[in-house]
Amino acid sequence: MIRKKKIIIPVAIAVVAVLVVLTLYIFIPVSRERQMDALCRVQAHGAYAIVFAPKDTLFLSLRDDSLRNAAIHADSLHDHCDQTGVFVSNNGCLVTTDTLVAEVPSEITGKPLLARLERIDTLLTKRLKKETAEEDELNYYARTHTVVDDGYNDVMAYRTVVTIHKEQTDSALQKVRRAIKDASHIKATMQIHAALTTPYTQQPIRARLLARDHGLLLLQTADEALPVGSTRFSVYRFGVRRLNSKLLAFNDLGSQSVGQLPQEVSRKAILFPACEGGAWVNRSGHLSGIEHGGKRISSLSVARLMRKVHCWPAWWSLNFKAWIKGQRGTTPKTSMEDRPKRVLLCVRTLMADSALYEGEALQTAKELKREGYGMLTRKDGTTLRGMWHADTIGEGELTTDEGLYVGQLDSLMRPKGQGRFYGKDGAYYEGEWKAGKRSGHGFSVNGRQIVHCGSWKNNHFQGERMIYTADRIYGIDLSRHQHEKGKRKYGIDWSNLRITSLGGGSRRVQGKVDYPVSFAYIKATEGKTVFNKYYPSDLRQARKHGVAVGSYHFFSTRKSGAQQAAYFLKMAWIAPTDLPPVLDLEPSDKQIRDMGGDAALFRQVMAWLRIVEQRHGKKPILYVGQLFVNNHLKHAPAALRNYDVWIARYGEFKPYVRLLHWQLTPYGRVRGIHGEVDVNVFNGSKEEFLNYRRSH
C-alpha cells in the first residue's frame, strides 16, 4: 500500500506540472512583437489546369468573367488576390481565407466544362483576330521605317509584346479546341500557388496548398520551415473568447504598400483588402479567429482545417522536431531597429473636393497627410491609385470611362510627361502628355488604322516628322514643265542627276542633301488628247541611266475612265521592268460636284485602273493630295482603297495613311534639271524598295 502511494505521488506531481505548463503556455501573454512576426502577406494565384501530357497544359480562369479566360501559362491569368496570412506551425504552415476561390468548385468536368470551353473558343478567336490585325499594322510600320525614325525603337518594343501575346493566344486557342474534341474524357482541376512576403524577406517565398475547408486555406512554404524572423501563433481551442479580441493584419491596399509591418486594426476602421485573412487574437496573444469578408471565422474552424492534414499529436511532434532542428525562425537582433519609425495609418476619408481617399496616411501634429500607397475616387467615378508623398502623387494609375492611364502626373493629378494609355476600345498610346492630353511625341495603335507615331497636340495626331538621310530612297516626277520655262527650253542631264535641296522649310535633315535619284515618274498623257512630247526621250534616258522609271496619266473629269485608259495605253510605253503606271487624280471639289459627286468620280477612276491593270498585269498606283484623302478617299469603294497610294503633302509632317510614295515638296532642286522639281520619298528602306521593284 505504501509502495503504491510512492508511485502515485510522483505521477500526480508530473501531471500537475504538465497541466501548469500547459496553463502557462495557454494564458501567459505573448509579446506584441512575436504576434506581429507571425503574420505575412500572401499573394495567391489560382487557375484550372487541363493536363494533356507533362509540360503540355491548358490553364483556365477560375471564373468566366476574367479578362483572360485561357492561357498556356498560369501566371498569364488575372485571378489573384493580396491578403494577410497567419503562421500556425514551426514547419511553415499558414492559414488564410479562400477569397480567391470562394464559391468555385475544385474540379470541372462534363457538360459544364464543354460549355466553358466553347465560350472561351469564341473569345480567343476574337482576340486572335484583333491581335493579328494589330501585328499587321506594326509589321507595316517596321517595313516602312528604320531606326533613324523618332520612336522606332519604342514601336518595335511594343510589337514584340503584341507578337508574344498573339502567339500565346494562338497556342491557347489550339489547346482549347483539342480539349473540346475530348471534353468527355478530360477534367479541369483547380491549382493554387502562393507567394509570401514578411518584413524580413528579400524575395517572395513560394507556398503550396495543403487543404481547403470552411472558407479557409492551409498553405505551407516550399522549404517546410518558418521564414527567418517569423514566429507562429498557437491556435486557441478552449472556447473562442470574443471579448477584448483584437485584429492584427496588413491593413493597407496590398503588396505595393510602403507599410512594412502589420498593424492592430481599429474596429471602427474600414477594412482594406489585405485585412482579409488577418488574425483575431485573444488577450493572451493566441489565435482566436481569422478575418473573412468583414466577419470572423472561429479558431475552431482553423483547428478542424488543420486536423484534415494531421491529428494534433502529429502537429505537436512536427513543431517540436522543427524546434529541435533549429528550423524555427528567430527574429533577428536588429529587427526592432529595422522597424519603421513613422507609423502609417490606414484611413478612409473625404477630401476638400469631396473625393474619397482610401489608403495609407501619416498623422502629423497639424493634419493628416496622404503618405504611401492609396486610392482616390472622384465624384465622376475616376480613380487614381499609386504612391503618395507629402499629400501629392507624382505618378500612378488613372482610370476613367475611356480607359487606364499609367504614368507621370502633374500637380492637378492629370497625365503629364511620359505615360501609357490603354483604351477600353483596344487603343494603345505611349508617349508624352501635357495637362491631361496627348501632347508631344508618342505613338498610338488600335489595330484598325496605321500606327500613328509622331507629334501630338491636344489629343490630335499632327503627323510624323521624318529625318531625311542618305539612306532613304528618293525620286522625282517630270512633265513638260521641267523642259519649258516660258519661251525657253531646257534639256535634262541624266548622267548628272543628284537631289541637292528638299525645298527648305522646317524639315529635319541629317547631313548634306546630296541624294541619288532612285526612281522617276514621267507624265505621258492627260485626258484623251494631251500627250507630253518630252515623254519618249525622258523615258529612254531614264532606262539608259539605270533609273527605275514609270509612266503616269493625268485624269480629266470631262472624259470617261475607259476613254482615258484607252488613250494612255495607246501612247504610253510600259516595259515589264518598269514601275507600275500611275493615275494622277487632282480634281477640285467643283469638278467632282459637276461629275455627280464622289460615287460618279470613283466609278470612272475604277474603270481606268481596271482596264490598265488588265492590259499590263501591274496594279496601278493612285496619286492624290492630302486634302483629297481627308475629304473624298474615305468615301471610295473598298476595291479602290486596295490600290497603293502616292500622296502629295507639302507640310512638315508625313501623310499618316498607308502610302507608297510621298511627294514632300514641289520646290526641290536637282542637279542636271533646270528650275524646281517635285521630290518624292519612297515609304520604306532600300531593301524594301528592291523587293518592291522585283515584285512589280
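**Figure 1. Five strands form an open sheet in the order β11-β10-β12-β13-β14, paired in the antiparallel sense.** From one strand to the next, the twist averages 40 degrees. Strands (E, at least two residues) and helices (H or I, at least four residues) are DSSP runs numbered from the N terminus, and two strands pair if DSSP finds at least two bridges between them. The model is predicted: local features need pLDDT of at least 70, side-chain atom pairs count only at pLDDT 80 or more, and totals for chains, interfaces and linings use all residues. Residues are numbered from 1 along each chain as its sequence is written, and side-chain values use heavy atoms, with hydrogens and water left out.

**Figure 2. Strand β10 (residues 246–249) is joined to β12 (residues 279–281) by three bridges, the two strands running antiparallel.** Lys 246 has Val 281 of β12 as its bridge partner. Three bridges also link β10 with β11 in the antiparallel sense.

**Figure 3. Strand β13 (residues 287–292) pairs with β14 through four bridges in the antiparallel sense.** Ile 290 has Ile 297 of β14 as its bridge partner. Helix α5 (residues 299–307) lies across β13 and β14 and runs at about 50 degrees to β14. Axes are lines fitted to C-alpha atoms, for helices over the stretch in contact, and angles run from 0 to 180 degrees between N-to-C directions; contact means heavy atoms within 4.5 Å.

**Figure 4. Phe 320, Trp 323 and Ile 324 make a nonpolar surface patch of about 360 Å².** Trp 323 belongs to helix α6 (residues 312–324). This tryptophan, Trp 323, counts as partly exposed because its relative accessibility is 48%, the class between buried (under 20%) and exposed (over 50%). Patches consist of residues with over 30% relative accessible area and no salt bridge, with like charges joined within 9 Å and nonpolar side chains (Val, Leu, Ile, Met, Phe, Trp, Tyr) within 5 Å. A salt bridge places a side-chain nitrogen of Lys or Arg within 4 Å of a carboxyl oxygen of Asp or Glu. Accessible areas come from the Shrake-Rupley method with a 1.4 Å probe; for residues, only the protein chains shown count as cover.

**Figure 5. Gly 625 lies in strand β37 (residues 621–625).** Beyond its neighbours within four places in sequence, Gly 625 is in contact with Ile 647 and Ala 648. The C-alpha atoms of Gly 625 and Trp 646 are 8.3 Å apart, with the two residues 21 apart in sequence.

Conventions. Buried means under 20% relative accessible area, exposed over 50%, partly exposed in between (1.4 Å probe, protein chains only).
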